[in-house]
Structures are given as structure tokens and as C-alpha cells.
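This report goes through the folded parts of a two-chain model and then the way the chains meet. Please keep the structure in view while reading.

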There are 2 protein chains.
Amino acid sequence: MKAIGAIDVGGTKIAVGAVAEDGTLLGSSRRPTFTDRGFAAAMRDAAEMLRELTARLGIELLGVGVACPGPLDPFTGILGDVGTLPGWEGGDIVSELESAFHVPVIVENDADAAALAEAHWGAGQHSRRFVYVTISTGVGAGIVLSGDLYRGVDGAHPEIGHHIVDASGPRCYCGARGCWEALASGLAMAEWMRQQIPAENGWSAARICELARAGDEAARRAVEREAHYIGLGLANLITIFAPDMIAIGGGVMKSADLFLPRVRELLREIVTQVPLEKARLTAPALGDDSGLVGAALSWLQRSPVSYRGVETPHHRSEHVR
Amino acid sequence: MKAIGAIDVGGTKIAVGAVAEDGTLLGSSRRPTFTDRGFAAAMRDAAEMLRELTARLGIELLGVGVACPGPLDPFTGILGDVGTLPGWEGGDIVSELESAFHVPVIVENDADAAALAEAHWGAGQHSRRFVYVTISTGVGAGIVLSGDLYRGVDGAHPEIGHHIVDASGPRCYCGARGCWEALASGLAMAEWMRQQIPAENGWSAARICELARAGDEAARRAVEREAHYIGLGLANLITIFAPDMIAIGGGVMKSADLFLPRVRELLREIVTQVPLEKARLTAPALGDDSGLVGAALSWLQRSPVSYRGVETPHHRSEHVR
């Protein structure tokens with residue numbers, strides 16, 4: 001059986017999968033990312049995992065799609081200075097994996113891969129102006145217009161998580177003050193809690209949410225603050241794109257019920273200039289697999305070789321370049 | 001000679017023009033908008049001006065394109081509650097002008113019309129991801145991707161001027177605090193100055209810029225603040241769209257030399273996640289005529305009748321609806 005190999009590289013885990021042409025995830029496995037062992041070792045790990053998986057499933061790989069945090073060049077597959085992958089800058093994903101598998105390799109920013117997967121096979125299937133947002137350790141987003149990923153100049157992934165929502169906010173590593181990620185990410189939530197209760201350590205968004213459910217007052221305020229900043233960023237995306245659908249996922253949104261009532265209330269207060277009622281706010285449909293499925297979909301859309309093995313040499317250089 | 005009639009409706013003036021198929025403005029005239037006399041009277045004024053102009057130039061109108069501040073529905077031509085046109089809500093531009101001229105009428109948000117004109121015949125001719133910004137009484141913007149205007153759900157104009165850049169900022173009529181318009185518009189600049197020097201009245205961006213050039217300290221601080229907020233909004237547009245060109249115009253930018261050095265410096269400090277060096281910041285090329293020329297271009301792109309008078313009935317309902 002033929003399928004597309006998929007690799008989802010994250011700061012904490014690497015997942016691999018085999019994906020059919022219709023988006024079915026035929027199988028997957030994951031393990032921790034040992035970022036300190038470096039880029040090449042991680043690529044060898046990923047290749048080994050993918051080889052084991054395809055051997056187990058009896059799958060012949062047509063190609064490999066890789067989802068990875070940015071900044072990266074999705075056309076060359078060369079990594080920039082990725083905050084969660086220290087020391088990996090300059091890593092050449094395409095070369096490493098093409099020499100391991102001898103099939104075409106396509107790389108996509110992970111938020112874009114997930115956005116694409118949700119737009120084609122998930123929550124955004126009937127959307128023409130689809131916004132995908134992931135709130136986890138960081139904040140990422142992807143924009144899919146009429147089925148096509150929106151790409152910036154030279155194929156750049158727009159870094160929507162770093163747009164400024166409160167210029168008086170905390171400084172981010174990106175250089176700006178009060179960008180969305182610095183205010184609404186899981187890390188930002190934990191950092192705010194640490195400042196409130198300096199005596200305690202090891203705060204995480206998950207633990208804060210748990211405490212908030214148990215009635216803890218500081219945790220409830222942290223949740224309220226988080227909802228406020230999620231709402232401000234979403235308000236901006238609605239005002240700027242006037243989308244018909246926004247899917248909002250990521251680790252922090254596993255507690256969506258704690259945030260969304262306040263988020264919706266805030267949106268009704270402050271989004272008045274575009275048709276807010278047309279912007280459906282929903283959960284992603286593909287869960288943690290969206291990165292893997294999206295990586296395979298990027299391969300299907302962009303590979304020089306079609307799913308059935310026919311060369312389509314002009315397909316790779318996208319019209320947006 | 002055949003041409004397209006163009007009407008640019010603003011809160012302070014109405015301009016009319018005749019535009020050839022290649023974008024040449026064959027002639028124009030303008031007069032104040034008497035907003036208090038109401039919508040129908042203004043449409044009669046505009047029709048009379050356009051009739052005089054076409055008679056004088058010996059032009060046969062093929063159609064009329066209208067640029068008007070939003071909110072409005074660009075497909076029905078029905079006005080929403082426009083801040084600068086009080087009492088005009090519900091006005092039906094298409095019906096009024098089609099019964100006056102008996103030719104097809106097309107309506108466009110004024111920032112979108114100007115963006116389209118600049119993208120096709122002005123500063124953005126070689127841009128694939130073009131952002132047009134106008135900083136005047138308010139703040140408006142239009143996005144043109146590969147020559148096509150970006151439209152939101154149901155054809156809505158994205159209200160980029162109302163995206164939030166400093167959530168601790170002043171309340172805007174839109175309901176949000178610290179949206180770009182509330183901080184960086186000409187009105188915001190004048191309002192800040194009024195707060196600094198309550199004894200004086202009649203502040204305008206033009207007067208503040210003049211005083212700043214003469215070395216006045218408060219005016220210089222107002223200019224610095226304005227540059228800061230122009231920069232924050234532009235930083236967000238660059239981070240969100242990763243454009244290859246931004247044209248920034250409008251009345252306040254007639255003093256662009258006072259603002260742009262600080263704007264560029266700020267962008268270098270805070271835009272680090274997308275290729276800033278690829279986003280050329282430039283002045284619009286069409287000046288005050290961009291609204292008229294853009295209104296005519298919208299007509300050319302969307303009218304059911306082509307420039308040469310051939311019916312193209314399926315053209316009007318745009319694919320983005």
C-alpha cells in the first residue's frame with residue numbers, strides 16, 4: 001500500500017505517521033524531542049520512527065511531509081532561529097530526509113500545516129476565509145483562503161502570534177511589547193501566575209485551569225486574563241480578515257469551556273465594524289493529529305510527484321512565489 | 001468619447017470624475033458635502049456635478065463607479081452607519097444613481113477603491129501582496145492580493161483601522177479601546193494635543209505638523225507619538241500579511257517626512273519574525289485622485305457591462321461571495 005509519510009516536529013515531541021490520499025491517518029507514533037542532541041540526531045530519530053512505522057504497516061512511502069515550528073523557509077526547508085528548537089538554526093530538513101528516504105520531502109510551518117488540514121478535512125471544510133489558531137506554549141495561526149494557504153512574500157509564514165495587541169504589555173523575545181503570544185500563550189499564563197505567587201514553582205496552563213475549576217481565586221483571575229487576551233487577538237483577526245470561520249485549538253484550549261464564554265462576550269462588545277455574527281468560532285476537528293495530516297496534505301499539494309507517482313514538475317514552484 | 005463616471009463621496013467633499021479604460025482621469029470637479037441635507041440631496045448634487053462634467057468633456061457614460069466610506073455593502077451599495085455621514089444609513093447608492101444615469105452603478109469602500117487603484121495603476125503595480133493605508137481623519141486600509149481586492153465574508157471590507165494595537169488606549173466609537181484609528185488618526189493626534197493644551201482649540205494634524213517643524217515642544221511630542229502608533233499598526237500589518245509593499249497615504253502623511261524616520265526605526269526594532277526588508281514602505285502614486293480612479297476601476301472589474309458595451313452577465317456576482 002502506498003501512503004505519504006508525515007513528521008510533526010515540536011519542541012517537546014516528535015510524531016510520525018502514514019497518511020492516505022484522502023487524509024486518513026493509517027498509523028502514528030511519537031516520542032520526546034531531545035533538542036539538545038541537535039538537529040541531525042532528531043532527523044535520524046524521526047527517520048527511524050517512520051521506517052519502523054511503515055515496515056509495521058506494510059506501507060511504501062511516496063514522499064514525506066514535515067510540519068515544523070518556524071521561522072523556516074517552507075520552500076527550501078531550511079530552519080531559522082526557532083525559539084523552541086535551540087541550536088537547530090540552518091538545519092536542512094529536506095536534504096536530511098531525502099537522503100534517508102529517497103523520496104520528495106516537503107516542509108511546512110506547523111501552524112500552516114494544521115490550518116490546511118483543518119480547512120480540507122476538518123472544521124473548516126465549508127469555509128472560504130478560514131482562520132486557524134493554536135494556543136499552546138506559544139500562539140500560532142494559519143490563514144486558508146478558498147482552500148489555499150495564505151503565504152507572505154517569498155512564501156513566508158505570517159507570524160500572527162506576534163502581532164501587538166497591548167503595546168503596554170510584557171516584552172517578547174520577538175522584540176515587541178505585548179504581542180499576542182506574550183499575553184495569551186500558555187507560557188504567558190504560567191508566567192503571570194508565577195508573578196502573583198512567587199513562592200510556588202512549576203506553573204502550567206493545565207494546572208492553573210485545574211485550580212480555577214476548583215475555585216482558586218488567583219487561578220480564576222489568570223483564566224479571566226487569558227480569556228481577555230485570547231479575545232483581543234481574535235477580535236483583531238475578525239476585524240482584519242472578516243472570516244467566516246475560526247477554529248481555535250492547542251493545549252490551552254483543552255479547557256476551552258473556561259475561556260470561550262468570556263471570549264464571546266468580549267467579541268460582541270468590541271467587534272462592531274465587520275459581520276461578527278458570520279465568523280463562526282469553533283474547535284478544530286482533527287485534534288493532535290492535525291500537524292501530521294497537514295504535513296501530508298502539504299506534500300500532496302506541493303510535491304513534484306503526484307500521489308499516483310506521475311511527475312508534475314511545475315507544481316512545486318507555487319504561484320505565490 | 002466613452003468613459004466611466006466616478007464619484008468619491010467623503011465626509012467633507014464630493015469629487016466626481018470621468019476615467020478612461022486605462023485609468024486616465026479625463027477631468028474632475030469637487031465641492032463640499034452638505035451631509036446635513038441628507039443622502040438623497042447629496043446623490044442629486046453628485047449626479048448634477050457628473051452631468052456637468054461629462055457634458056463639458058463630451059463624454060458618454062458607460063457606467064458609474066462610486067467610492068464611499070464604510071460600513072457599506074459593496075454588492076448592494078446600501079450604506080451602513082457611517083461615522084462621517086450621519087443620517088445616511090440605509091441610503092441606496094446604486095438605485096439613486098442608476099435611476100439618474102440609466103447605466104450600471106458599482107459601489108466600493110473608499111479605502112478599497114484607492115487600494116485597487118494604487119495596485120493597478122500606482123505604487124503597487126509590481127506587488128503581489130499589497131497593503132494600502134490611509135491616515136487622515138480616520139485610518140483605513142485595503143489589501144490587494146495578486147491584483148484582487150481581499151474581501152471578507154459577504155464581501156465585507158476588513159476594517160483594519162479598528163484593529164487593537166494598545167488595549168490600554170482610548171475608547172473608540174467602534175467599542176474597542178486603543179484601536180489603530182483611536183491612536184493614529186488625524187483626529188486622535190488633534191485630541192491628544194487638546195488634552196496637553198486645553199486652553200487652545202481647533203487643533204488639526206496639519207497645524208500640529210507645522211508647529212512641530214517650527215520647533216514647538218508639545219507639537220514635536222505629538223508627532224513622535226503619532227509616528228509611534230503609525231509604526232505599531234504597520235508592524236502588525238507586516239507581521240500578519242508579510243507583504244512585499246505598503247503604500248501609506250492620506251492627509252496626515254502629507255507630512256510623511258516628520259513620521260517615517262521614526263516609523264522605520266520602530267519597525268526594525270519590533271518586526272523580527274517575517275522578512276521586514278522585503279516589505280517596501282512607499283508613498284501612494286495617485287494622490288487625491290486614487291478614490292476616483294479606484295471607483296472607476298471597481299466598475300471595470302465588476303460591472304455587468306464591459307467597457308465596450310458587451311453584456312457579461314455573470315461577471316457581477318464575484319467568486320468571493
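## Domains of chain A

Domain bounds, as used here, come from an automatic or database domain assignment. On that basis chain A is divided into domain 1, residues 2-109 + 287-302, and domain 2, residues 123-282. The C-alpha centres of domain 1 of chain A and domain 2 of chain A lie 26 Å apart. Their contact takes 8 residues from domain 1 of chain A and 4 residues from domain 2 of chain A, where two residues are in contact if their C-beta atoms, placed from the backbone, lie within 7 Å. By class, the side of domain 1 of chain A that touches domain 2 of chain A has 2 nonpolar, 5 polar and 1 charged residues. For these classes, Ala, Val, Leu, Ile, Met, Phe, Trp, Tyr, Cys and Pro count as nonpolar, Asp, Glu, Lys and Arg as charged, and the others, Gly among them, as polar.

The model is predicted: local features need pLDDT of at least 70 and side-chain atom pairs count only at pLDDT 80 or more, while totals for chains, interfaces and linings use all residues. Residues are numbered from 1 along each chain as its sequence is written, and chains are lettered from A and ligands numbered from 1 in the order in which they are written.

## The sheet of chain A

In chain A, 5 strands form an open sheet with mixed pairing, in the order β3-β2-β1-β4-β5. Helices (H or I, at least four residues) and strands (E, at least two) are DSSP runs, numbered from the N terminus; two strands pair if DSSP finds at least two bridges between them. At the edges are β3 (25-32) and β5 (105-109) of chain A, each of which pairs on one side only. Neighbouring strands are turned by 20° against each other on average, direction ignored.

Strand β2 (residues 13-19) of chain A runs antiparallel to β3(A) and is joined to β3(A) by 7 bridges. The bridge partner of Lys13(A) in β3(A) is Pro32(A). Helix α1 (residues 39-57) of chain A lies across β1 (2-9), β2, β3 and β4 (60-68) of chain A, and runs at about 35° to β2(A). Axes are lines fitted to C-alpha atoms, for helices over the stretch in contact, and angles run from 0 to 180 degrees between N-to-C directions.

## The sheet of chain B

Chain B has an open sheet of 5 strands in the order β3-β2-β1-β4-β5, again with mixed pairing. Here β3 (25-32) and β5 (105-109) of chain B each have a single partner strand, so one side of each is left without a neighbour in the sheet. The twist averages 20° from one strand to the next.

Over 6 bridges, β1 (residues 2-9) and β2 (residues 13-19) of chain B pair in the antiparallel sense. Within this pair, Ala6(B) stands opposite Gly17(B) in β2(B). Helix α1 (residues 39-57) of chain B packs on the sheet and touches β1, β2, β3 and β4 (60-68) of chain B, with its direction at about 35° to that of β2(B).

## Helix packing in chain A

The axes of α5 (residues 186-196) and α7 (residues 217-241) of chain A come within 10 Å and cross at roughly 145°. Met189(A), Trp192(A), Met193(A) and Gln196(A) of α5(A) make the contact with Ala218(A), Ala222(A), Arg225(A) and Glu226(A) of α7(A). By class, this contact has 5 nonpolar, 1 polar and 2 charged residues.

## Backbone details

A cis peptide bond joins Gly70(A) and Pro71(A), with omega about 5°. Pro71(A) lies in the loop between β4 and α2 (93-101) of chain A. In chain B, Gly70(B) and Pro71(B) are joined by a cis peptide bond with omega about 0°, and Pro71(B) has its place in the loop between β4 and α2 (93-101) of chain B.

Ser146(B), a residue other than glycine, has a positive phi near 50°. Ser146(B) is found in the loop between β7 (139-145) and β8 (148-149) of chain B.

## How the chains meet

The contact between the chains takes 36 residues from chain B and 36 residues from chain A. On the side of chain B that touches chain A, the elements giving two or more residues are α7 (217-241) and α8 (256-270) of chain B. The largest share, 6 residues, comes from α7(B). That side of chain B has 20 nonpolar, 9 polar and 7 charged residues.

Chain B can be laid on chain A with an RMSD of 0.0 Å by a turn of 180° and a shift of 0.0 Å along the axis. The two copies are thus related as by a two-fold rotation axis. The superposition is by least squares on the C-alpha atoms of residues with pLDDT of at least 70 in both copies. Of the interface residues of chain B, 100% are also interface residues in chain A, so the copies meet through the same surface.
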